[in-house]
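Here's a quick briefing to read alongside the structure. Have a look at the model first, then go through the notes below.

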Amino acid sequence: MGYSANFRIWRGDAGEGELVNYTVAVNEGEVVLDVLHRVQAEQANDLAIRWNCKAGKCGSCSAEVNGKPRLMCMTRMNTFEEEETITVTPIRAFPVIRDLVTDVSFNYEKAREVPSFTPPENLKPGEYRMEQIDVERSQEFRKCIECFLCTNTCHVVRDHDENKPVFAGPRVLMRAAELDMHPLDTLDRKQLAQEDLGLGYCNITKCCSEVCPEHIKITDNALIPMKERVADQKYDPLRWLGSKIRVRSHDE
Amino acid sequence: MEQIERYKFDVVVIGAGGAGLRAAIEAREKGKTVAVLSKSLFGKAHTVMAEGGIAASMGNVNDKDNWMVHFGDTMRGGKFLNQFRMAELHAKEAPDRVWELESWGALFDRTKDGKISQRNFGGHEYPRLAHVGDRTGLEMIRTLQQRIVALQQIDKKASGSYEESLRIFAECSVTKIFMTDEGENSRVAGVLAYWRPSGKFVLFESSAVILATGGIGKSYKVTSNSWEYTGDGHAMALECGGNLMNMEFLQFHPTGMVWPLSVKGILVTESVRGDGGVLTNSEGRRFMFDYIPEVFKSKYATTEEEADRWYTDPDNNLRPPELLPRDEVARAINTEVKAGRGSPHGGVFLDVSKRLPADVIKAKLPSMWHQFKELADVDITLEPMEVGPTCHYVMGGVEVDADTQAAIGARGLFAAGEVGGGLHGSNRLGGNSLSDLLVFGRRAGMYSADFVDTVEAPTVSDADLQEAIDWALAPFTNEDGESPYGIQADLQDMMNALVGIIRTESEIVEALAKIEEFKVRMANMKVMGGRGYNPGWHLALDLPKQLLVSQCVALSALTRQESRGGHTREDFPGMDPEWRKFNLILRAEGQNVEIFKQSLPMMTPELAALFDEGELSKYMTEEELSSLAQGTS
Amino acid sequence: MSSSLDTPSAAPIPTKAKIGVRTLRTDRWWLMPAVTVAVLLSFIAYSTWRAFENAYYFSEPLISPFYSPCLATSCVEGSSQWMPIGSWWILSPALLILAFPLGFRLTCYYYRKAYFRSFWMSPPACGVSEPHTKYTGESRFPLILNNSHRYFFYAGLVFNVLLTYDAIIAFRNAEGAWGHMSIGTLVLLLNATFLWLYSLSCHSCRHAMGGRLKHFSKHPVRYKGWTFVSKLNPYHPRFAWISLIGVALADLYVRQVASGAITNFYFF
Ligand SMILES: Cc1cc2nc3c(=O)[nH]c(=O)nc-3n(C[C@H](O)[C@H](O)[C@H](O)COP(=O)(O)OP(=O)(O)OC[C@H]3O[C@@H](n4cnc5c(N)ncnc54)[C@H](O)[C@@H]3O)c2cc1C
Ligand code: SF4
Ligand code: SF4
Ligand code: FES
Ligand code: FES
């Protein structure tokens with residue numbers, strides 16, 4: 001391989017900026033992040049990029065490549081035509097700090113609103129017993145590398161800053177689902193998900209699932225099941241009645 | 001002087017990896033106010049990349065396992081150069097630390113009876129690694145992160161503020177640790193950091209500083225480590241009066257990716273071998289059978305048949321030599337490649353595809369499957385991987401007190417995790433790092449809190465502060481210097497070539513000379529752009545630390561005239577019991593680094609009794625053996 | 001902890017990057033929503049016409065799925081055994097029952113995705129901004145009604161049973177004798193099969209089967225059920241389309257037979 005590629009990279013800070021053109025060498029097997037590092041080393045020393053592992057494990061290098069939310073370290077150059085101009089911008093739902101680096105503190109603040117894991121009080125460390133089949137659902141969600149691409153792509157906040165106070169984004173909603181399905185957790189987070197985290201704002205259009213680099217089925221396995229659980233509690237008179245007269249098992 | 005942000009905390013933790021977070025949790029639980037500083041975002045530290053698992057002798061899969069066996073394995077793996085007391089504490093406390101994670105919400109893979117499942121790993125006698133697929137580090141850091149959030153929620157309930165006693169300062173890099181000017185009684189006074197986003201400085205005044213900054217692998221070109229691993233903690237400890245020990249011992253992990261070039265060095269987890277993967281050369285031979293060293297002869301299978309039986313019947317068969325400690329496997333691969341029996345891209349083959357069904361591979365090694373598929377177009381359920389050694393871990397580190405993790409030579413400074421030295425001796429066993437972080441992170445948190453109670457809150461003098469700020473801003477004022485990127489690349493090439501996996505005197509001497517040249521080049525580095533999120537500037541601040549640490553590695557490598565664990569000298573190929581008696585200690589003297597030998601403490605007779613004499617005699621001198629014998633009788 | 005903040009915060013003033021264009025995607029992201037609109041509109045047009053046509057829905061032994069069960073007295077003779085609605089209903093009997101499948105599909109999690117993306121364009125595709133200035137999703141009336149999906153799911157099951165019954169009675173000939181099979185039988189059978197697959201792969205079904213449990217290990221049978229539904233569930237969108245088009249084609253076939261345009265071919 002080995003060729004010169006045309007890149008357009010968004011450069012700027014505090015919102016103001018523009019797409020700047022760079023022509024840069026590309027070698028066989030490289031990913032977008034490698035090429036941006038070359039730009040950084042040779043042409044723009046101060047090009048701001050976040051990255052750590054370069055293997056899709058840390059979720060630092062989120063950006064948008066040709067308009068698609070991606071991890072730069074997992075976007076291979078051979079998925080583009082050699083003559084194609086590749087446009088790289090910061091993720092768009094969050095405030096930009098500089099160039100490709102954004103302020104993702106929204107996600108950390110929202111995460112703090114989910115009450116933490118609460119095991120039964122009398123259970124001592126070392127005495128936990130859980131079946132593999134009971135932990136698997138939550139384990140899928142714990143694969144999350146917190147790249148925040150899902151929340152970035154979710155139109156509820158991407159297109160509507162005004163929804164940020166009322167909607168926590170798929171990453172954090174998934175955390176609520178994770179704990180709700182944890183076999184030893186004792187709290188109920190359905191009300192919280194619906195009232196405080198804004199589950200109702202999700203219209204299950206699945207963009208979060210589409211962009212998740214860990215291929216977590218966020219919508220199918222976390223959000224929809226959570227909506228169903230909320231419906232059990234809030235929108236299902238039969239189940240509501242059942243829970244009042246205690247005909248349902250405690251397991252639900 | 002520019003107006004800067006100032007904070008006072010009881011304890012400042014530098015580093016938000018496993019060690020740092022565990023330390024912060026402990027210090028907060030002991031009622032101290034704690035700040036955690038890190039170069040990258042919360043939850044992105046190196047620990048997140050760990051794959052295989054956490055070593056702890058819970059005995060869930062094989063109930064013969066216990067702390068004594070784990071202790072023995074650790075000592076053996078480290079070729080008996082380990083600080084025995086640390087190895088003892090580590091083996092004893094690891095299970096509790098893992099169970100504790102579970103009570104904070106971690107979801108490990110399970111055994112049939114609902115306990116934490118444990119897997120085999122190189123050098124561990126029994127299945128010992130608690131794991132979650134091949135993303136254990138992610139589980140660990142997320143759990144600790146969520147534990148911190150849990151504590152913050154408790155604080156919020158009590159005081160109205162999440163950050164009342166525990167605050168995370170992400171993307172806030174430390175450049176300097178300040179000491180008080182109390183002469184002999186000098187102690188830690190605080191740290192200077194800068195916000196990466198804005199480039200603005202922040203001063204933290206605190207009685208105790210815990211280093212949890214991880215390793216130094218970015219000094220090498222082929223490495224599994226990220227940009228963060230520039231040895232900041234090592235360098236800052238030296239600069240403020242602490243000692244480093246045994247910096248010659250670097251772990252080259254036997255299996256890093258070798259192709260494509262841009263991912264060369266990225267780790268292929270040892271679990272691939274633990275779960276059945278085998279190493280072959282271009283002739284198709286399982287060459288590891290040819291490399292079982294004398295000291296391990298009785299512990300490893302000598303035929304393929306026996307090795308294969310071990311996976312299903314470990315009690316009656318010896319384990320395959322693919323699971324020898326990492327240093328042995330890395331050297332073997334190196335030798336095979338040099339002998340012309342390597343794979344097309346200069347590695348050897350690692351194959352699970354012929355050993356396990358595709359769905360099992362995908363279930364047990366999901367991120368490896370993913371990694372090869374997406375980065376190398378290789379489907380590991382169908383084809384072998386190509387792998388070769390990659391710089392992975394530094395066994396050496398800040399010299400600390402085994403029980404308290406207090407740094408020797410700098411009061412108020414503590415070190416835990418990869419930045420600390422001693423536990424792993426000359427070679428670390430896989431899985432022993434994550435447990436190290438938990439055991440000694442907690443201890444550092446606990447004893448730093450105790451230390452805070454014994455002293456007054458210190459202040460940092462304006463002069464010291466100004467000097468540190470001026471130093472950090474210097475790269476902006478240099479008129480016509482070099483860009484830091486080129487210097488770093490050259491340094492990495494140099495270290496890879498001259499102080500790499502196999503070393504000889506002439507090359508190390510050459511490296512030391514080159515290091516002097518690098519010092520000159522670095523003295524007038526120039527960066528472009530402003531202070532807001534400027535990676536060029538960030539690198540310029542890391543580089544001198546990286547160079548200092550590289551110098552320590554080279555100096556120690558030159559001094560130790562034997563081959564042991566992560567230090568292999570072509571000109572001194574054997575292990576020498578005389579050298580086992582010493583640690584190499586480095587200390588800063590003005591602008592220079594001094595190195596000296598320090599005797600290893602003698603293992604207690606109770607611990608020595610855990611090994612049979614025949615084994616000890618392979619490592620120890622006659623004198624040592626006889627003094628041990630007297631001790632026990 | 002004490003602090004004196006000379007500089008207020010770490011990060012500069014938070015503003016999103018001003019990029020201007022609605023999307024930088026270079027692929028044909030508009031294709032999917034466009035196709036969805038086209039197919040759904042065609043279906044709506046066809047089904048509305050057929051519902052009001054009020055004819056050609058029965059030809060012994062075939063009944064169109066649009067008109068089954070035929071509940072009004074006005075149903076053509078033979079198409080129904082019981083007519084609970086009585087004679088006051090003077091419109092097409094299809095309208096009585098179409099409300100249920102319509103509600104089922106309107107509240108279906110998959111169709112919601114499909115129409116929110118294509119008709120409502122929120123969002124039209126991932127990374128393409130939506131044209132609305134305000135958005136509250138399913139957090140209030142009327143879209144909050146989508147939470148009633150499970151009831152339509154249960155109703156859907158009743159319909160599946162009836163349509164299966166229709167397929168079974170189609171193993172007769174035009175004279176009502178059993179043991180025969182025609183293309184019409186096959187059409188109704190396939191129709192019923194895909195409707196079952198569509199229902200069984202439904203998210204509410206998955207939830208009811210076992211999704212709502214905290215401990216699968218304590219309910220082995222429900223876990224099996226959940227695992228089975230979970231295997232079907234990823235194909236739910238596919239079944240949604242196939243069964244939708246299937247219903248229309250089945251109706252069309254019955255119409256053609258009933259109107260005499262074609263004759264129902266009997267295998268035996
Ligand atoms: C790919 C890979 C796989 C591994 N797999 C395993 C495994 O399976 N089992 C195992 O036991 N070990 C494994 N290891 C080793 C283990 O992950 C590391 O040794 C361990 O995570 C180090 O943890 P730590 O807490 O010491 O530091 P880290 O997790 O590396 O954290 C260092 C922290 O210090 C911060 N820091 C550094 N310098 C500064 C500064 N100047 N200012 C502010 N903050 C600073 C960083 O930002 C970071 O937050 C693996 C390592 C790698 C690279
Ligand atoms: S499925 Fe819901 S959470 Fe996910 S992107 Fe769509 S609206 Fe957002
Ligand atoms: S769920 Fe997926 S997309 Fe969202 S933050 Fe986690 S890894 Fe990223
Ligand atoms: S750098 Fe870690 S995910 Fe890309
Ligand atoms: S029918 Fe589609 S989800 Fe229920």
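R117(C) makes a salt bridge with E210(A), and the closest N and O atoms sit 3.0 Å apart; the term covers a side-chain nitrogen of Lys or Arg within 4 Å of a carboxyl oxygen of Asp or Glu. Keep in mind that this is a predicted model, where local features need pLDDT of at least 70, side-chain atom pairs count only at pLDDT 80 or more, and totals for chains, interfaces and linings use all residues. Residues are numbered from 1 along each chain as its sequence is written, chains are lettered from A and ligands numbered from 1 in the order written, and side-chain values use heavy atoms, with hydrogens and water left out.

**Chain A meets chain C**
- Nine salt bridges are counted between chain A and chain C.
- In contact here (heavy atoms within 4.5 Å) are 68 residues of chain A and 59 residues of chain C.
- About 5,400 Å² is buried between chain A and chain C, 50% of it on carbon and sulfur atoms; buried area is the accessible area (1.4 Å probe) that two parts lose on being put together, summed over both.

**Ligand 1 in chain B**
- Of the 40 residues around ligand 1, the ones that come nearest are T47(B), E228(B), Y229(B), D232(B) and E418(B); a residue counts as near with a heavy atom within 4 Å.
- An N or O atom in the side chain of E228(B) is 2.3 Å from an oxygen atom of ligand 1.
- A backbone N or O atom of E51(B) lies 3.3 Å from a nitrogen atom of ligand 1.

Terms used. Polar contact = N/O pair within 3.5 Å; in protein donor to acceptor, adjacent residues only side chain to side chain.
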